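Hello,

Here is the structure I promised to pass on. Please open it alongside this note; my findings follow below.

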Amino acid sequence: MWGGVYLCLVLLRLYIALSPSYLHPDEHLQGPEVITGRVFSFPTHLTWEFTSATPIRSVFPLWVFYGWPLTLLKWLAEGSGYQTIPSASVFYTLRVLMFLLSFVLEDWALHELLPSSKQRRSATLLVASSYVTWTYQTHTFSNAIETLLVLWCLVLIGRIVEDKQTSQFLASAILAFLVVLGVFNRITFPAFIVVPLMRLLPHFFSKPITLLVMTTTGVLTTLLAICVDTEWYTNGRIHFRHLSSKAVITPWNNFVYNLDPDNLAKHGLHPYYQHFLVNLPQLLGPAILLLVLRPRLGMRFYSAMCGIATLSCFKHQEARFLLPAIPLLLSTVRLPQRSTKLWIGVWLIFNVCLGILMGVYHQGGVVPAQLWIAEQPGIAQVYWWKTYSPPMYLLGQHGGDVVAKDLMGMRGELMVEELEKAVACEANSTTLLVAPLSATFLDPYTTGLSSEPERTGIHLEKVWQWKQHLNLDDMDFGDDGVLPTISRVVGRRGIGAWNVRNIC
C-alpha cells in the first residue's frame, strides 16, 4: 500500500517536471540561460547579476549541477553525428536532471534523517505529495539546489556526530565541500545550517583532526570556486600570483548588495512577517496548523526556523526563498490523531489544485512558444506582452537571428505604438506578437474580429496557440471586477502568437 502510493506520487512528480510551466524568471535567467551559452554557444541574454562590475552570482555551482550533464549531452550528440542540438533537448534534459536530483537525493536524505520507519513513511509521503516538491523542486532554481545541499549537510553532520569510533574523514571533507558550494550557490545557505553545525563543536575537541580536514577542504574548494568565477568574469586564465588583485568573490558581492536597502527596494519590499504569515502558509497549506500545534522539536525543526527567522530580517521576501525549510518542516509534522482522513483529504485537495495551477498552467505557454519560434524560418522580431521574460537559450542556434523585445505589462496603447514603429507599411511582416489569449485588448486588432476590416493600422493574424497557460499577472480586479476578471483569465486561458501587419 505505502509503496504503491509513493510510486504514484513519484510518477506524478515526473509528469509535472516535464510540463513546461514557468514559475519565475530566475529559474531560467540564473541557471540555464547562463550555462548553455558556454556549453552550446547558444546566443543568450545575461541579466545584470552576471554583467555588473561586481557580479553577485557564482557560476561555480552552475558548472557543478548543470555544466557536466549538458557537456555530456553535447558529447553524445556530436558522437552520434548531430551538428546541432535542439533547444528542446536541453530544456527537458535539465528538467529530468532536477527530477532525478529531487527523487534520489531529497528522498534519500529524508530516509537517513528520520530515526524510525513510521516517521520515515509519514515524512516521505508528505514531502512526496507536496506541490512544492512537484514544482519548485523540479525546476532549475538555485533554491531547489540549496534545499538538497541543506538536507545532505544535515545528513553528513549526523553521520559524523553519531560515529564515536572513527573520525569520518570522507564525510568531513564532503561536508566542507558542500558548505562552500552552498555559500556560492546562495548566501542564504548558512542560515539553515548554522544550528546543525554547532553539533560538531564537541566532536572537534575530541577529534581535532576532523577540523583540520574540513578546514583544508573548505579552503581548497573556496579557492577553486573563486578561480572559476574569476576566469569566467575576466574571460582569461588567472594565475595564483594575480588572484589577490583580480579575484571575483561573488558571495561577498551578493552580501554587500543585499545589505543596501535601496537595492532591495528595486526588487520589492515586504513586511518582516511576510515569510511567517504569508509565504510559509502558501507553501505548507493545511500542514501549517499541524506545525503550530504538533511539531516534533529537533534539529530539523530548529534548522528550518533559524533559516526562516534570518531571512525575515531582510525586507525582500519571496516564497521560494523558504524552499530548504519545507522538507525539514514536513518531516517534523505529526498527523492529527482525530479526523486523520479529513485532514489528508484537505491536504490532497490543496496540493492537487496548487500542483495543477503552478506545475501545468502557470505561464505554461512561454516555453512552448519559444520552442515553436525556434523551428520557424524567417522570423526577425518577436514582441512579448504580458508574459514572463522569454528564455533566449530556448531559441537554440537560431537565437542570434531573432530580436526579442519584452514589453512586460506595458499599456495596450503604447504596445500598439511599438508595433507600428517596428513593422514596415504594407510589408509581409516577419514580426510576431506573443501574448495571453485573455488579453481582450487585442480583439479589435485580430483578423476576423475587427468591425472595420478596411481600416488602417495594426492587423494581427493568429499563427499559433497553446491552451495550457494562465497569466496570473493579468488580474485587473480594479477595472473589470473580480468575477469578470477570473472568467476572462480562466475562460480564455492560453497564449497565442500573432503575425503582425501594418496597413498604412
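The buried residues of α22 are Val366, Val367, Pro368, Ala369, Gln370, Leu371, Trp372, Ile373 and Ala374. That is 9 of the 9 residues in this helix, which spans 366-374. Keep in mind that the model is predicted.

**Cores**

The largest nonpolar core has 103 residues. Tyr66, Val90, Tyr136, Leu280, Leu284 and Leu329 have the most contacts inside it. Helix α9 (residues 142-162) gives this core its largest share, 14 residues.

Leaving aside residues up to four places away in sequence, Tyr136 touches Leu23, Tyr131, Phe141, Ala144, Leu283, Arg320, Leu323 and Met358.

**Helix α17**

Which residues of α17 (274-284) are buried? They are Gln274, His275, Asn279, Leu280, Leu283 and Leu284. Seen down the helix axis, the buried residues of α17 fall within an arc of 150°, so they line one face. An α-helix has 3.6 residues a turn, so residues three or four places apart point the same way. The cover over the buried residues of α17 includes α8 (131-134), α18 (287-293), α19 (299-311), α20 (325-330) and α21 (340-361). Glycine 285 follows α17, and its phi is positive, near 60°.

**Annotated spans**

The unreviewed UniProt entry annotates "transmembrane region" at residues 58-77, 89-105, 140-157, 169-189, 209-228 and 342-361. I checked two of these spans in the model. Residues 140-157 are 89% helix and 0% strand, with the end C-alpha atoms 26 Å apart. Residues 209-228 are 100% helix and 0% strand, and there the end C-alpha atoms lie 29 Å apart.

**Largest pocket**

The largest pocket has a volume of about 660 Å³. Its lining has 27 residues. Arg57, Arg186, Asn258, His316 and Phe321 lie nearest the centre. At least two lining residues each come from α2 (26-29), α4 (48-51), α15 (250-259), α16 (261-267) and α19. α15 supplies the largest share, 4 residues.

Best wishes

Key. Residues numbered from 1 in each chain as written. Predicted model: local features only at pLDDT ≥ 70, side-chain atom pairs only at ≥ 80, totals over all residues. Heavy atoms only, no water. Buried < 20%, exposed > 50% of the residue type's maximum accessible area, 1.4 Å probe, protein only. Arc of directions from axis to C-beta. Contact = heavy atoms within 4.5 Å. Core = buried A, V, L, I, M, F, W, Y, C linked by side-chain atoms within 4.5 Å. UniProt positions renumbered as here; feature names shortened; annotations may be inferred. 1 Å grid on protein atoms, 1.4 Å probe; cavity = no way out; pocket = protein on both sides within 12 Å on 5 of 7 lines; lining within 4 Å. Points joined across faces, edges and corners; volume = space filled by probe spheres on them.
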